[in-house]
Amino acid sequence: DVAYHLMGSEPPQLNGMKATDQASFFVLGHVMEGLTRVGKDGGVIPGIAESWTVNDKGATFKLRAGAKWSDGQPVTAKDFVFAWRTVVDPATASEYAFILHYVKNGKAITEGKMKPEQLGVTAVDDTTLKVDFEKPCGYFPALTAFATYYPVREDFFKTRGEKYGAEATDLLYNGPFTITKWTHGAAMRFDKNPSYWNAAAIKLKAIDVPSITNDNNARFNFFKDRKIDILESLSKDDLPKALAEKFELRQHLDGSLWYHEYNFRKGKPTTNKNLRYAMKHTFNPQEFISKVIGIPGTVAANGLIPSWMNGISGKIREEYPIPAQTQNLELAKEFLEKAKKELGGSIPPLVWLTGDSPTSAKEAEYFQELYKRHLGIELRIDKQIFKQRLAKMSAGEFDIVSAGWGPDYADPMTFADLWTSWNENNRGKWSNKEYDALINKALNTSDQKVRMKAMMDAEKIGLEDLVVTPSFERTIMWIAHPRVKGIVRHQIGPDPDFYWAEIDNAAK
């Protein structure tokens with residue numbers, strides 16, 4: 001009862017306290033577990049915590065007595081305290097430390113103003129975890145399903161130090177599977193974890209990753225030759241092949257928002273607003289989606305928050321509509337002339353940082369041609385493997401980067417706080433005091449109307465200053481062989497999720 005699956009890239013970081021990317025979250029979501037986890041329908045279900053209570057001041061989680069680490073020792077409240085303190089410790093330099101700023105003193109600790117021991121989380125006893133909030137946070141239990149909130153056992157961590165998470169043996173697991181094989185850049189295997197508290201519910205014996213590749217042809221052939229059970233996303237070129245093979249196509253709006261992020265560091269030409277506007281006005285999202293993306297159901301993005309997110313009582317874009325982006329070449333040329341004057345007469349070549357997948361290459365070439373034809377701007381494409389692209393984004397080695405953001409929890413704040421000056425994932429280092437103040441206002445109230453208005457006002461500022469040019473909301477077409485049942489696709493949480501998967505050997 002083994003499910004076979006391909007991964008598109010090597011997980012760059014399996015230390016959950018530092019991970020920031022989908023590949024790492026996919027692995028961590030199968031081998032680790034937080035206080036809660038994401039259920040089949042995307043809601044919050046109990047994980048290591050069997051129950052909890054929440055009010056405006058804080059939350060108390062009751063841990064399962066039967067929760068164990070893969071070496072048989074119990075998972076205790078202390079393991080969460082240790083992990084959370086380590087995340088906010090400036091020495092860790094976690095890019096996700098901000099997600100723990102809901103816990104009292106989290107932000108002050110990250111800024112070096114207080115000690116990690118002052119974080120508002122306490123192990124009352126082995127199975128009781130008490131959390132004090134910095135500000136009201138009704139959706140806190142949903143946050144605890146996220147990798148940055150996973151527990152880490154201090155004694156084990158100290159035996160590994162900097163190597164923690166570097167190899168399969170440098171991790172201690174408390175989730176449904178454990179990593180039993182990891183050939184870097186080539187293959188992985190996750191076997192069912194017999195110590196997992198809910199092991200009886202896990203039907204798969206293992207998830208086997210025979211190859212790590214983002215080559216679409218190779219991936220498609222793996223599926224066609226039945227060497228894998230699921231192809232979690234099809235490229236534009238795969239679609240006719242899948243139809244010819246009569247594979248059953250499935251659709252999944254994966255929740256992610258894609259955009260062109262500009263570099264606002266001193267001396268970068270993209271700090272020029274007129275230049276950003278000139279590029280934005282040459283962009284026709286619908287043409288781009290049909291020519292480059294080519295996946296049915298793909299939605300053009302207009303805002304900094306995707307349209308599927310819920311607002312107060314309906315979808316956010318029904319409650320707070322945003323005009324669609326349209327191409328306007330006359331306007332683009334006007335902005336270009338202003339930009340040239342401000343930049344000393346001409347626009348220098350711009351570096352477009354992107355990934356190494358075929359779609360990334362196609363997108364880069366599309367914009368290279370678009371900007372050259374309409375604006376006379378030269379685009380230099382910097383194609384990097386995933387890990388390297390992340391490193392270059394953090395170091396600011398780009399003018400424009402083609403990037404995307406997937407939601408960490410089911411609230412618009414997971415997108416809205418991305419452009420605050422304190423968020424390490426704001427790789428372009430855009431900074432706006434008014435934006436920060438509005439997000440702080442939304443963070444400091446539990447009144448839904450006040451929160452939502454503040455986030456929407458902030459979004460207007462971000463769009464007006466063009467922190468990024470929104471591009472598209474990703475829809476995925478995927479296929480799976482009938483022998484595997486129960487694979488769940490998430491917008492939030494590990495995707496695809498094999499927690500409920502089982503093998504039906506009678507299926508063809």
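Colleague: Why are helix 8 and helix 16 described as roughly perpendicular to each other?

Modeller: This is a predicted model, so the angle is computed from predicted coordinates. The axes of helix 8 and helix 16 cross at roughly 90 degrees and come within 9 Å. Angles of 65 to 115 degrees count as roughly perpendicular, and helix 8 and helix 16 are therefore roughly perpendicular.

Colleague: Which residues make the contact of helix 8 with helix 16?

Modeller: Helix 8 contributes K273, R276 and Y277, and helix 16 contributes L463, E464 and D465. Sorted by class, that contact has 4 charged and 2 nonpolar residues, with no polar ones.

Colleague: What makes helix 8 roughly perpendicular to helix 12?

Modeller: Helix 8 (residues 273–282) packs against helix 12 (residues 358–375) at an angle of about 105 degrees, and their axes are 10 Å apart. The range for roughly perpendicular is 65 to 115 degrees, so helix 8 is roughly perpendicular to helix 12. On the helix 8 side the residues are A278, M279 and T282, and they meet L370, Y371, H374 and L375 in helix 12. The classes in this contact are 5 nonpolar, 2 polar and no charged residues.

Colleague: Why are helix 15 and helix 16 called roughly antiparallel?

Modeller: The axes of helix 15 (residues 433–443) and helix 16 (residues 448–465) cross at roughly 165 degrees and come within 8 Å. Angles over 145 degrees count as roughly antiparallel, and helix 15 and helix 16 are therefore roughly antiparallel. The crossing of helix 15 with helix 16 is left-handed.

Colleague: Which residues of helix 15 and helix 16 make the contact?

Modeller: From helix 15 they are E434, Y435, L438, I439, K441 and A442. From helix 16 they are V450, R451, A454, M455, D457, A458, E459, I461 and G462. By class, the contact of helix 15 with helix 16 has 9 nonpolar, 1 polar and 5 charged residues.

Colleague: How do you know that the buried residues of helix 13 are on the same side?

Modeller: Helix 13 (residues 386–395) has R389, L390, K392 and M393 as its buried residues. They cover an arc of only 165 degrees around the axis, which puts them on the same side of helix 13. As background, an α-helix has 3.6 residues a turn, so residues three or four places apart point the same way.

Colleague: What covers the buried residues of helix 13?

Modeller: The cover includes strand 12 (250–262), strand 14 (350–354), strand 15 (379–383) and strand 16 (400–405). Just after helix 13, G396 has a positive phi of about 80 degrees.

Colleague: Strand 12 also holds H260. What makes H260 count as buried?

Modeller: H260 has a relative accessibility of 1%. Buried means under 20%, so H260 counts as buried. Leaving out residues up to four places away in sequence, H260 touches F283, W352, E363, F367, Y371, I400, V401, V468, T469 and S471.

Colleague: Is N105 buried or exposed, and how do you know?

Modeller: N105 has a relative accessible area of 17%. The cut-off for buried is under 20%, so N105 is buried. N105 is in the loop between helix 2 (77–88) and helix 3 (106–110). N105 is not a glycine, yet its phi is positive, about 70 degrees.

Colleague: Why is K429 called partly exposed?

Modeller: The relative accessible area of K429 is 37%. K429 sits in the loop between helix 14 (413–416) and helix 15. K429, also not a glycine, has a positive phi of about 60 degrees. Most residues other than glycine have a negative phi.

Colleague: What makes G8 partly exposed?

Modeller: G8 has 29% relative accessibility. That value falls between 20% and 50%, so G8 counts as partly exposed. G8 lies in the loop between strand 1 (2–4) and helix 1 (22–31). Residues up to four places away in sequence aside, G8 touches I212, T213, N214 and R219.

Colleague: Where does P496 lie, and what is the peptide bond from D495 to P496?

Modeller: P496 lies in the loop between strand 18 (484–485) and strand 19 (502–503). The bond from D495 to P496 is cis, with omega near -5 degrees. Most peptide bonds are trans.

Key
Residues numbered from 1 in each chain as written. Predicted model: local features only at pLDDT ≥ 70, side-chain atom pairs only at ≥ 80, totals over all residues. Heavy atoms only, no water. Buried < 20%, exposed > 50% of the residue type's maximum accessible area, 1.4 Å probe, protein only. Helix = DSSP H or I, 4+ residues; strand = E, 2+ residues; numbered from the N terminus. Arc of directions from axis to C-beta. Contact = heavy atoms within 4.5 Å. Axes fitted to C-alpha atoms, helices over the stretch in contact; angles between N-to-C directions. Parallel < 35°, antiparallel > 145°, perpendicular 65-115°, else oblique. Left-handed = near helix turned anticlockwise from the far one by under 90°. Nonpolar A, V, L, I, M, F, W, Y, C, P; charged D, E, K, R; others polar.
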